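Hi everyone, thanks for coming. Please have a look at the screen, and I'll walk you through a few parts of this one.

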Amino acid sequence: MSASTPSEQIRTRRIERGNASGLLTRAAAPILDHLEGELADLGVAVLMTNRSGRIIARRVADFRQRDRLDDHYVLEGFDYSEPTVGTNGLGTALEDKQALWVHGAEHFNEALQVFACAGVPILSPRNGVVAGSLSLAATAAAANPMMMSLTKLAASQVEQALKELVWAREATLVSAFQRSKAHRGPSMLLTDDSVLADTALLPLMIPSTYVALWEAAQRHAWTDGTAELDVTVGDVALSVEARRIVDADGPAYLLEFPAQPFRRRRPGLAATVQRGKPALRVHAVPEVSDRVLAAAAAADVLAFNGPPGSGRLRTASQLASAEGRDLLVLNATTFDAASSQEWLARAVRGMAAGSRVVIRHAEQMPVSAIAAMESILSDSARQTKQRRGLLVATVDRTRAPQAVSDLLDRLAVTIDLPSLAEMRECVPGIAEEILESLSDGRVRWRLSSSSLQALLRWNWPGNVRELRSVLQAAAATARGAVIQVDDLPPRITEAHRSASLSGIERAERTAIVTALAKWRGNRSRAAEELGIGRTTLYRKMRELKITNDGNWLE
C-alpha cells in the first residue's frame with residue numbers, strides 16, 4: 001500500500017489530549033498484554049479506545065500487521081470515532097453500544113477495507129455508560145469469526161478489572177469520609193471525577209465551586225498531610241482544613257469546613273457609591289469594580305490600564321451600561337492630521353450628549369494629537385460638571401510613549417486592570433458569561449469540570465480575548481452542549497495534564513520522551529539510553545501516560 005494512501009483516504013485526526021483518571025488503561029493493561037502474547041503468531045492486533053474514540057492502547061506483535069496499521073494511522077493518539085472515520089470496529093461499537101463484526105467492504109472508508117474487526121464496547125461499572133471500546137483486527141483474508149468471541153471475553157475481563165479498581169478506590173474514599181465525622185463541621189471529599197459531601201454543603205454543589213476547591217488543593221505544596229486553604233468563589237469566601245488522602249489510588253482530598261462554612265465578602269466602595277442600592281459590578285474582581293465606580297463618580301477622566309485582551313473596553317462598556325449611558329468608542333490609531341478636528345469634535349459632542357466616550361489604544365495616539373487632546377479635555381472639564389467622568393482612555397502603559405503617560409498622569413485617574421492570570425478565580429464566571437453570549441437559543445453551552453480545570457491551569461497570555469477565542473473554537477467543534485477537555489486546544493490540555501505530575505515525575509517524563517524521540521520510538525534503545533531495563537521503561541511509560549511516539553496516553 002502506498003505511503004500516500006492514509007493522507008488521501010483516512011480522514012482521521014490526532015488528538016494528543018484527554019483527561020481520564022487512567023483507571024481504564026491500568027485495568028486493561030495485563031489483559032491486553034496477555035492477548036498480545038496469545039495472538040502473536042496470528043497477525044491479530046489488539047486495540048482499545050477511550051469513550052471519545054481515541055486509540056489509547058495498541059498491542060501488535062506481527063511486524064507486517066504493525067506496518068499495515070501504521071500506514072492507516074491505527075495508532076495510539078488517533079481518533080477512530082465513527083463521525084471521523086465512518087463504520088469501523090472501534091468507533092461504531094461506541095456509537096451503537098453493542099458488539100459488532102466489520103469485515104472488508106463493510107468499512108465505510110475504502111482504505112480500511114483490507115481489515116476485518118471485531119468490536120465490543122467497554123461499560124463503566126459506575127453508571128453503565130460506555131467508557132471505551134475493544135477491538136481485535138486482522139486482515140480481511142486472515143480473519144476468523146472466533147475473533148468476536150475472544151473480543152467479548154476480553155472486554156468482560158476488562159470491565160471486571162475496572163470494577164475491582166473502582167470499588168477498591170471508592171471503598172478507601174468512603175472510609176476516609178466516614179472517619180471525618182469526628183469533626184464538628186460539615187465535610188467534603190473531592191476526587192478528579194466525584195464529590196461526596198454533607199447536606200449542609202449543598203449550596204456549594206456547583207461546578208465553579210468544585211473546581212475552585214479542587215484547584216486550590218491541587219496547587220498546594222503538600223509537605224505534610226494537612227493544610228489550611230482559603231478559597232473565594234464569587235462573593236463567598238471559604239476557609240477549610242484540607243487533608244490529602246495518600247492511599248486513594250489517585251488524587252483525593254478531604255475538606256473539613258467550620259460549623260458556619262459560608263461568609264460573604266464585605267461589600268466595598270461599590271455599595272457606598274450607590275448609596276444603599278445593590279452593588280453594581282463592572283469588573284469580574286469586586287475590588288477592581290469598586291475602584292472603577294468610585295473613580296467614575298469623582299474624576300474628570302479615567303484611564304483603564306492593562307495588557308491587550310484584559311477587558312479594558314469591556315469594563316468601560318459595563319460602566320456605561322451600569323450608568324444607563326450610551327457608549328461612543330474612538331480608536332486612537334485612526335487619528336491623523338486631516339481628520340483631527342472632526343475626531344476631537346466627535347469626542348466633545350459625545351460627552352455633551354451624556355455618552356461615555358472611550359479612546360481606545362491611547363498608547364498608539366500620535367504625538368501630534370496630544371496637545372489638542374489635552375486642550376479639549378481641559379475645556380470640557382471646566383465648562384460643565386455634567387461631563388465629569390465621561391471620558392475613558394484604554395491604555396497599555398508599558399507600551400505608551402512618555403508623552404502619553406505624562407498626559408494621563410496630569411488629567412486621568414488610572415485604574416490598573418489585572419491580567420486573567422492574576423484573577424484565575426474569575427475564570428469560571430467569565431467563561432460562563434462568554435458561553436452565554438455564544439448561545440443561539442437552541443444550545444446553551446456548558447463546561448465540564450475537567451475542561452474548567454484545564455482553563456484554570458492555563459496562564460492566559462492573551463487574557464480574556466484569548467479565553468473568548470478558545471471558547472468560540474471549542475463550541476464550534478464540541479459534539480454536544482457540554483464542552484469537554486478534548487474540545488480544548490492542545491496547548492491548554494498539555495498544561496492541564498502536566499500540572500498533575502510532581503516535579504520528579506515531570507523530569508522522568510521529559511527524559512523518557514526525549515529518549516523515545518531520539519530513537520524514533522524504539523523502546524529497547526530508549527531503555528538502554530536511560531540506563532534502565534525495558535520492563536522498567538514499559539512500567540514508567542504506563543504510569544506517566546506516554547505512548548511509543550512520546551505523546552500523552554489517556
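Let's begin with an open sheet of five strands, in the order 13-14-15-12-16, where the pairing is parallel. Two strands count as paired if DSSP finds at least two bridges between them. Helices (H or I, at least four residues) and strands (E, at least two) are DSSP runs, numbered from the N terminus. At the edges of this sheet sit strand 13 and strand 16 (412–416), each pairing on one side only. Neighbouring strands are turned by 20° against each other on average, direction ignored. Strand 12 and strand 16 run parallel and are joined by five bridges, and L302 stands opposite V413 in strand 16.

A word on where this comes from: this is a predicted model, so local features need pLDDT of at least 70 and side-chain atom pairs count only at pLDDT 80 or more, while totals for chains, interfaces and linings use all residues. Residues are numbered from 1 along each chain as its sequence is written, and side-chain values use heavy atoms, with hydrogens and water left out.

Now, which helices lie across strand 12 and strand 16? Helix 9 lies across strand 12, strand 14 and strand 16, at about 175° to strand 16. Helix 13 (residues 402–411) lies across strand 12, strand 15 and strand 16, at about 110° to strand 16. For those angles, axes are lines fitted to C-alpha atoms, for helices over the stretch in contact (heavy atoms within 4.5 Å), and angles run from 0 to 180 degrees between N-to-C directions.

Next, helix 10. Helix 10 (residues 312–323) has 12 residues. Its buried residues are R312, T315, A316, L319 and A320; buried means under 20% relative accessible area, exposed over 50%, partly exposed in between (1.4 Å probe, protein chains only). Just after helix 10, G324 takes a positive phi of about 75°.

Finally, stepping back: the protein chain comes to 20 helices and 18 strands, and buried residues make up 48% of its 554 residues.

Note on methods:
The expected span of a helix is 1.5 Å times one less than its number of residues.
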